[in-house]
Amino acid sequence: MGRKRGHKKKRQIIGIYCEGKSEEQYFKMLSQKYNARNVHSQKLNIKSLGESGEKLITEAKLKGKNNNESKIYVVFDRDDKTIDDIQRCQKIAKRKGVTILFSSVSFEIWVLMHFEPVMRSYTRKQLTNKLSTKKYFNQDYEKFKGSSYRPYLYNKVQEAVKNANQLENFHSNMDKDDPYVNIHKYLKEIFRVDIL
């Protein structure tokens, strides 16, 4: 008699679609960090589509369907989007079953949270200038964007989550608040870890 084969549970595929290369590099760093610890993690597809808002959500959903992804996340920031634009993005994402990971004014607000609490708004230029200084990246951050975050942020994710939770007590409205981030809310879910 032949042996019965057990059914091996198929790994879930998660799609993370980013607006730019910085976000893509950041999530690839997290994938390296948490997949080493979690052998049973799901497969992650992380890709920059160079799009934002509604177009990113629509393209991500299409690519996710083609890749048999069971959960899709899009990562983008406010840019020049109005309150109406963001509300429309939220409605489309909800209808398509896509989760938005959002930061305002830019992704660099989230990056800065790896170093310190953030309670005030910054312009993009102010953030770039601040992150370029010795205390942070010690190089022209604008030129650094799209490079590996590993040497700078790998061991600071827990600090960023703590700072984002603190910010959320005062700024919890994606449509209007600046600064705002919600990335911290989904990291445990994406990477299937209890502790970041």
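Predicted model: local features only at pLDDT ≥ 70, side-chain atom pairs only at ≥ 80, totals over all residues.
Close-up 1. Helices (H or I, at least four residues) and strands (E, at least two) are DSSP runs, numbered from the N terminus. At 2% relative accessibility, Phe76 counts as buried (buried is under 20% relative accessible area, exposed over 50%, partly exposed in between, with a 1.4 Å probe and protein chains only).

Residues are numbered from 1 along each chain as its sequence is written, and side-chain values use heavy atoms, with hydrogens and water left out.

**Close-up 2. Helix H2 against helix H3.** Two packed helices are described by the angle between their axes and the distance between the axes. Here the axes of H2 (residues 53-66) and H3 (residues 83-96) come within 9 Å and cross at roughly 10°, which makes H2 roughly parallel to H3. Axes are lines fitted to C-alpha atoms, for helices over the stretch in contact, and angles run from 0 to 180 degrees between N-to-C directions; under 35 degrees counts as roughly parallel, over 145 as roughly antiparallel, 65 to 115 as roughly perpendicular and the rest as oblique. H2 brings Gly53, Glu54, Ile57, Thr58 and Lys61 to the contact, and H3 brings Arg88, Cys89, Ile92, Ala93 and Lys96.

**Close-up 3. Ala93 in helix H3.** Ala93 lies in H3 and is buried, with a relative accessible area of 3%. Not counting residues up to four places away in sequence, Ala93 touches Ile57, Val98 and Ile100. Val118, 25 residues from Ala93 along the chain, has its C-alpha atom 27 Å from that of Ala93.

Close-up 4. A search of the whole structure turns up 0 disulfides, a disulfide being a pair of cysteine sulfur atoms within 2.5 Å. Cys18 is buried at 0% relative accessible area, and Cys89 is buried at 3%.

**Close-up 5. His114 in the loop between H4 and H5.** His114 is found between helix H4 (107-112) and helix H5 (124-132), and is buried, with a relative accessible area of 2%. Its side chain reaches the backbone oxygen of Trp110 at 2.9 Å. Setting aside residues up to four places away in sequence, His114 also touches Tyr26, Leu153, Lys156, Val157, Glu159 and Ala160.

Close-up 6. The peptide bond from Ser104 to Val105 is cis, with omega near 15°; Val105 lies in the loop between strand S4 (98-104) and H4. Asn68 has a positive phi of about 55° although it is not a glycine. Asn68 is in the loop between H2 and S3 and counts as exposed at 61% relative accessibility.

Notes:
Polar contact = N/O pair within 3.5 Å; in protein donor to acceptor, adjacent residues only side chain to side chain. Contact = heavy atoms within 4.5 Å.
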